[in-house]
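This briefing covers pockets, domains, helix packing and backbone geometry. Please read it alongside the sequence and the structure shown here.

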Amino acid sequence: MKKKLTPIFGIAIVFALLLCACGGMAVGKSAADESSDSDIVEPAEVVAEPVTITFWHTYNEISPENEMLMNTLIPLFEAEHPNIKVESLPVAYEDFRTKLFTSISGGVAPDLARIDIIWTPELADMGALASIDEEMSDFADYMDLLFAGPLATNFWNGHYYGLPLDTNTKLWFYNKALYDSAGITAPASVDEMLDQCQMLKAANPDVYYFATDGTWAWVVLPWIWSFGGDITDVEVTTATGYLNGAQTVAAFEFLKELYDQGCIAPVIMGSGIDTFAGYGQDVYASLDNGPWTFPIVESQFPDKEISISPFPAGAGGSINVVGGENIVLFQQSENKEAAMEFLRFVLSKKYQEKMAEVGQLPVRVDLIESDFIKNHEYYGMFLEQLKTSKSRTAHPKWSQMDEIITNAGQLILRNEKSAQEALDEAAAQIDELLK
Amino acid sequence: MIDAMKSKILKNLTPYLFILPGFAFLLFWIVFPMIKAFQISLFEWNVMPNSSSIFLGIQNYVRAAKDSLFWLAVKNSFFYALATVIGQLFLGLLVAIILDRIAHGKIFFRTLYYLPVVTSWVVCSLLFKFIFNSSPAGLVNYVLVKSLHLLPKPVTWLNEPGTAFIALYALGIWKGIGWTMVIFLAAIQAIPEDLHQAALVDGANEWQYARKITIPLLIPTIVLTSIMLTIGAFQTYIPIALITRGNPIHRTEVILSYMYEQAFSNRDFGYGSALSYILILIVFTISQIQMKFKKEENQLY
């Protein structure tokens with residue numbers, strides 16, 4: 001046996017040596033490239049040596065956004081910056097936070113990432129992000145160029161830790177054919193909803209009036225805020241009196257009433273027909289969702305008519321959630337200069353315009369006021385809703401707070417606890433996190 | 001003389017050199033992370049490289065003892081192990097005994113039963129998620145409501161812990177039958193054919209032979225298999241992560257999914273590591289208890 005193994009061992013060694021040799025050769029080659037390249041490079045080039053920067057994002061791998069990024073925008077950037085290569089990595093939204101943490105702890109964070117605005121305080125608080133206001137010499141220019149609301153989501157503990165990349169909020173999407181069949185129109189107020197639901201069910205017994213896929217803050221906050229409630233005080237010091245205040249309790253009791261009457265689809269409890277599919281298949285009459293609903297529904301159900309209206313108003317008005325993404329630069333990045341070039345590029349008019357074509361609401365003030373946006377079939381209404389939309393609590397422990405809210409919502413809908421009881425407990429748990 | 005000594009040393013050294021690569025991998029990928037995880041479990045661990053962490057001593061372990069969600073996850077893991085191990089052993093044994101006796105198509109059926117074993121957990125989990133979809137169009141709902149009329153209305157399988165675990169158990173058992181079958185089939189084939197002939201001469205039928213001869217002779221294999229399966233069952237993670245994600249309200253969480261949630265979602269790596277050490281302790285204890293059942297008298301024939 002041993003005798004047979006010796007040659008294998010020998011081959012392994014030869015391979016190892018070969019690998020080393022190849023490595024050495026590759027290094028030599030790139031050094032040669034470098035010198036020849038630097039002759040061609042224009043003096044304006046920020047980066048003298050060829051570098052590769054990594055950019056992680058959650059544009060769905062098979063989506064118009066990712067196609068635009070990969071086939072149009074990155075090639076454009078690379079043509080303008082021959083020394084910078086951009087390696088883009090799409091990551092599923094649910095796995096993204098985890099992936100960022102593991103890579104940060106391993107010291108292999110990307111140079112840039114497009115992250116949910118709500119993760120910015122957490123990553124900044126960890127010390128993972130570079131403060132853009134200190135790193136970027138021309139940061140001040142962006143203060144006026146960008147929409148103030150989305151820009152503010154990058155602010156944490158006295159510094160800006162990123163720049164906004166896109167913004168959004170949600171609207172009331174409704175299936176006009178179903179609404180017409182029941183003789184109802186888009187609800188202007190939450191008070192109309194129970195009656196509307198009954199009319200709809202009378203006309204279409206198998207249809208759900210409304211569908212949403214869970215009880216996390218992104219879903220329940222429009223209801224809480226529109227009912228006049230909130231999660232914490234403005235200074236984010238306590239949840240007691242807010243999350244378990246009368247208005248928030250009323251909002252959850254209202255959702256429970258809708259759910260008990262069969263007006264909200266069971267998918268709110270975790271599984272069932274997914275919201276977009278249900279909308280496309282005439283099972284769900286209304287959704288509360290963002291501008292990406294258009295490309296998603298259009299790609300699966302090309303003939304579907306999509307109608308939108310503002311989120312129904314409650315005692316507190318018609319208030320939805322501000323969503324969107326920030327682009328952040330990581331402290332561990334070794335190519336900060338090159339990365340910031342790309343950062344400037346994603347905030348350029350060209351990038352923002354191109355991305356607006358595929359469903360991303362731009363953050364540049366000059367674009368928001370442009371004719372393209374004003375005359376756009378749906379951006380106008382989103383921008384209108386954004387005027388009253390509010391941001392989720394900026395706090396490093398937001399994800400845990402969100403989970404507490406999700407669980408409270410589940411307990412209420414499952415009829416295991418009264419809204420008051422569940423929210424009292426949730427408020428106490430969040431207070432514990434805020435200490 | 002020196003040459004002789006040299007060659008002797010080399011000769012003694014050779015086997016160690018051969019196990020060195022494997023051993024180095026073991027040290028690097030298993031032993032080092034284990035020690036590191038133990039170290040982390042004593043801290044409120046900061047994931048940022050080159051940052052300081054707060055030493056907590058055994059506080060993370062004390063916290064686990066008081067954490068009702070963790071104990072629910074332990075209970076879920078325990079019942080998952082109980083259901084899937086018994087299910088796999090029983091059905092695997094049944095299939096093995098039958099396959100051993102059928103005359104035609106043995107290889108065909110063996111391959112068929114083994115297919116789920118070599119299929120990826122991810123694929124199978126997503127498949128079961130579709131099969132147990134809560135909508136009326138979900139396969140199980142469709143069959144139970146529309147085809148067989150056993151239920152008046154569709155079940156929201158994955159929204160309730162009780163029914164969600166039915167789906168998870170079914171997946172765990174279905175996926176493992178092939179593996180236990182192959183092990184048992186090998187063990188059955190090691191039983192001398194004379195015993196079968198002798199039993200038949202004595203007037204035993206196949207069922208009596210299986211019950212009185214085959215199964216008793218398989219006891220050591222059954223014990224060993226059950227240990228392997230139990231360890232595997234306590235380490236289940238993918239189906240939970242993909243099918244229920246621990247929902248609703250952490251009620252379908254198992255130890256590993258809860259540990260992952262603590263470490264990676266809540267960034268509480270210290271607590272997560274402490275939970276993983278508690279898991280090791282639980283698995284070790286259960287394996288020891290199972291080993292007690294293993295009789296020493298292996299050589300009956």
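Contact means heavy atoms within 4.5 Å of each other. Helices (H or I, at least four residues) and strands (E, at least two) are DSSP runs, numbered from the N terminus. The model is predicted: local features need pLDDT of at least 70, side-chain atom pairs count only at pLDDT 80 or more, and totals for chains, interfaces and linings use all residues. Residues are numbered from 1 along each chain as its sequence is written, chains are lettered from A and ligands numbered from 1 in the order in which they are written, and side-chain values use heavy atoms, with hydrogens and water left out.

**Chain A: domains and overall build**

- Chain A has 20 helices and 10 strands.
- Of the 435 residues in chain A, 53% are buried, where buried means under 20% relative accessible area, exposed over 50%, and partly exposed in between (1.4 Å probe, protein chains only).
- Two domains divide chain A: domain 1 (50-161 + 323-386) and domain 2 (171-322 + 393-434), with bounds that come from an automatic or database domain assignment.
- The centres of domain 1 and domain 2 of chain A, taken over C-alpha atoms, are separated by 28 Å.
- Across the two domains of chain A, 16 residues of domain 1 are in contact with 23 residues of domain 2.
- Among chain A contacts between residues at least 6 apart in sequence, 74% join residues at least 24 apart.

**Second largest pocket**

- The search uses a 1 Å grid over the protein atoms alone: a cavity is a set of points where a 1.4 Å probe fits but cannot get out, a pocket is an open set with protein on both sides within 12 Å along at least five of seven lines, and lining residues have an atom within 4 Å of a point.
- Grid points are joined across faces, edges and corners, and a volume is the space filled by probe spheres set on the points.
- The second largest pocket has a volume of about 1,500 Å³.
- Its lining holds 46 residues, of which A:Gln400, A:Leu433, B:Arg63, B:Gln262 and B:Asn266 lie nearest the centre of the pocket.
- Elements giving two or more residues to this lining include helix H19 (398-413) and helix H20 (419-434) of chain A, together with helix H2 (59-66) and helix H11 (255-265) of chain B.
- By class the lining of the second largest pocket has 18 nonpolar, 12 polar and 16 charged residues; Ala, Val, Leu, Ile, Met, Phe, Trp, Tyr, Cys and Pro count as nonpolar, Asp, Glu, Lys and Arg as charged, and the others, Gly among them, as polar.
- Domain 1 and domain 2 of chain A both give residues to the lining, so the second largest pocket lies between them.

**Largest cavity**

- The whole structure has 1 cavity of 30 Å³ or more, and the largest cavity has a volume of about 50 Å³.
- Residues lining the largest cavity include A:Tyr59, A:Asp166, A:Tyr351 and A:Met355.
- Strand E6 (163-168) and helix H15 (349-357) of chain A are the elements that give two or more residues to this lining, and H15(A) supplies the largest share, 3 residues.
- The lining of the largest cavity divides into 6 nonpolar, 2 polar and 1 charged residues.

**Buried residues and helix packing**

- A:Leu423, in helix H20 of chain A, counts as buried at 1% relative accessibility.
- Beyond its neighbours within four places in sequence, A:Leu423 is in contact with residues including A:Leu243, A:Phe252 and A:Ile412.
- A:Leu423 and A:Phe252 are 171 residues apart in sequence, yet 9.1 Å apart in space, C-alpha to C-alpha.
- In helix H5 (residues 121-131) of chain B, B:Cys124, B:Ser125 and B:Phe128 are buried.
- These residues cover an arc of only 100 degrees around the axis, which puts them on the same side of H5(B); the arc is that of the directions from the helix axis to the C-beta atoms.
- The cover over the buried residues of H5(B) includes helix H4 (106-118), helix H7 (161-190) and helix H10 (238-244) of chain B.
- The buried residues of H6(B) pack against H5 of chain B.

**Backbone geometry in chain B**

- The peptide bond from B:Asn247 to B:Pro248 is cis, with omega near -5 degrees, and B:Pro248 is in the loop between H10 and H11 of chain B.
- B:His250 lies in the loop between H10 and H11 of chain B and has a positive phi near 65 degrees; B:His250 is buried, with a relative accessible area of 9%.
- B:Arg267, in the loop between H11 and H12 of chain B, has a positive phi near 60 degrees and counts as partly exposed at 22% relative accessibility.
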